[in-house]
Amino acid sequence: MPSSASRIFDPAAERLEPEKRRTLQLERLQTQLRRLYDGSHYYGEKMRAVGVRPQDIRGLEDLARLPFTEKEDLRRQYPYGAMTVPLADVVRLQASTGTTGRPIMVGYTRTDLEIWTQTVARILVAGGLSCDDIVQIAFGYGLFTGGFGLHQGAERVGATVIPVSSGNSERQVALMRDLGVTALVCTPSYALCLAEELERQGITKSDLRLRLGFFGGEFWSEIMRKQIQSRLGLLATDNYGLSEVMGPGVSGECLRQDGMHIAEDHFLCEVVDPETGDSLPDEAEGELVFTTLTRQASPVIRYRTRDRSRILTEPCPCGRTTRRMAKVTGRADDMLIIRGVNVFPSQVETVLLAFSEIRPHYELVVSRDGAMDQLEVRVEADGGLFSDRMGEMAALRDRLQRRLDSVLGLRVRLTLLEPGSLERVPGKARRVRDLRVW
Ligand code: DLL
């Protein structure tokens, strides 16, 4: 296991005095706004519509005067409407992982790619990566930003990068062992699938050289982190990002695993009340909103992520001076309203994984029974319970049912499944199936 002190990839940026960073942010914001006001039809119109000119933004506190950008606004600009440089200057296109409708296409100039690479290198070094590591990237390479994003950053750190991409767990595990992989990069749910595959093949932690895991792209609870760490024998850090803002590299944990350091010199982060849009103070939980400060091809102004988190301001002993964001607790898009009660999959995960007999594979199925919405929690449990420990299973079901009902404030239907019953996906896990017909 690595020690809790790590190198800093870009000390000038990551250890900058907070006051100087704020000055830099304001300068960059003003430059960006001046460029967009005159040069971008899309953002220029948006600013004119609310009567704000670039010169009206005199301090960071004036940010709240700028209009929000919503996912739907960007979707309507498909494919190139929100890009703010000529296509001749765009050297890469990526897209957001929308499940429905048109994707949001995002472009990168050469400078954008360079900044993206650096911000990912920062989080990798923060999580302990060095040039001595052998990194297996099991994120998909394609329009999704995970594969290429982490790849570029890991190469910049000087690590030996294996671009396996996602899927084919059997092969992933063989490569992991044969090539002496020391760092794994993928979604947390896929890390658990790989742990399962290792167990299936009878490969133990001591047959491997894994020491670090960089996981992101989806919600995962602290309990899931503990399970991943103990089953794979590595130290797991969380990292966050979204393609509309850049991709991975927006923020990432250092070895202290206590909040994700935000690359604040490139991404200005606010937290707002999801209902009213009002700015919230640090430490209050709300919706994350990002403004890009340096992005050339696909900048965003006050982009509403729909992700819930909060800003942590307590200085981090690692020496980085950036503000951190707490683990994301859920996405507004994933919130279910069942018989008037709001339910986040993250709440369900936290309840389930506190039971040692439960496996970290679950889904929430919503259906309509007459006029009543029903929530079914389907989760895998230890195999032994299904054969010779039926009495234990009944007791477990009872305890789990009571705990779910009381935490969610709702009667749910609970189904315990044999191990391996639920589909394994190599990327972001699908936790919710909504069978209601609207
Ligand atoms: O998922 C970028 C990424 C790739 C980040 C790999 C980290 C690692 P999108 O496909 O645009 O981009 O999806 C962005 O994923 O709004 C969150 O809802 C969710 N998400 C990303 N990272 C985390 C995380 C990439 N660490 C959406 N915790 C975001 C919770 C996350 N949710």
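How many of the residues of helix 10 (residues 345–353) are buried? In this predicted model, in which residues are numbered from 1 along each chain as its sequence is written, local features need pLDDT of at least 70, side-chain atom pairs count only at pLDDT 80 or more, and totals for chains, interfaces and linings use all residues. Side-chain values use heavy atoms, with hydrogens and water left out. Helix 10 is mostly covered, since 7 of its 9 residues are buried, where buried means under 20% relative accessible area, exposed over 50% and partly exposed in between, with a 1.4 Å probe and protein chains only. The buried residues of this helix are P345, S346, V348, E349, V351, L352 and L353. Helices (H or I, at least four residues) and strands (E, at least two) are DSSP runs, numbered from the N terminus.

An open sheet is formed by 9 strands in the order 4-3-5-6-7-8-9-14-13, with mixed pairing; its edge strands, each pairing on one side only, are strand 4 (160–162) and strand 13 (311–312). Two strands pair if DSSP finds at least two bridges between them. Strand 5 (residues 183–186) pairs with strand 6 (residues 212–216) in the parallel sense over 4 bridges, and C186 stands opposite F215 in strand 6. Helix 8 (residues 188–200) lies across strand 5 and strand 6, running at about 125° to strand 5, whereas helix 5 (residues 110–126) lies across strand 6, strand 7 (235–242) and strand 8 (247–253), at about 30° to strand 8. For these angles, axes are lines fitted to C-alpha atoms, for helices over the stretch in contact, and angles run from 0 to 180 degrees between N-to-C directions; contact means heavy atoms within 4.5 Å.

Strand 11 (residues 286–292) is largely enclosed by the rest of the structure, because 7 of its 7 residues are buried. Strand 11 pairs in the antiparallel sense with strand 10 (residues 267–272) over 6 bridges, and L268 stands opposite T291 in strand 11. Strand 11 also pairs in the antiparallel sense with strand 12 (residues 303–309), over 4 bridges, and there G286 stands opposite S309.

P419 lies in the loop between strand 20 (413–417) and strand 21 (432–434), and counts as partly exposed because its relative accessibility is 33%. Residues up to four places away in sequence not being counted, P419 touches R359, E380, A381, D382, G383 and F386. The C-alpha atoms of P419 and G59, which are 360 residues apart along the chain, are separated by 55 Å.
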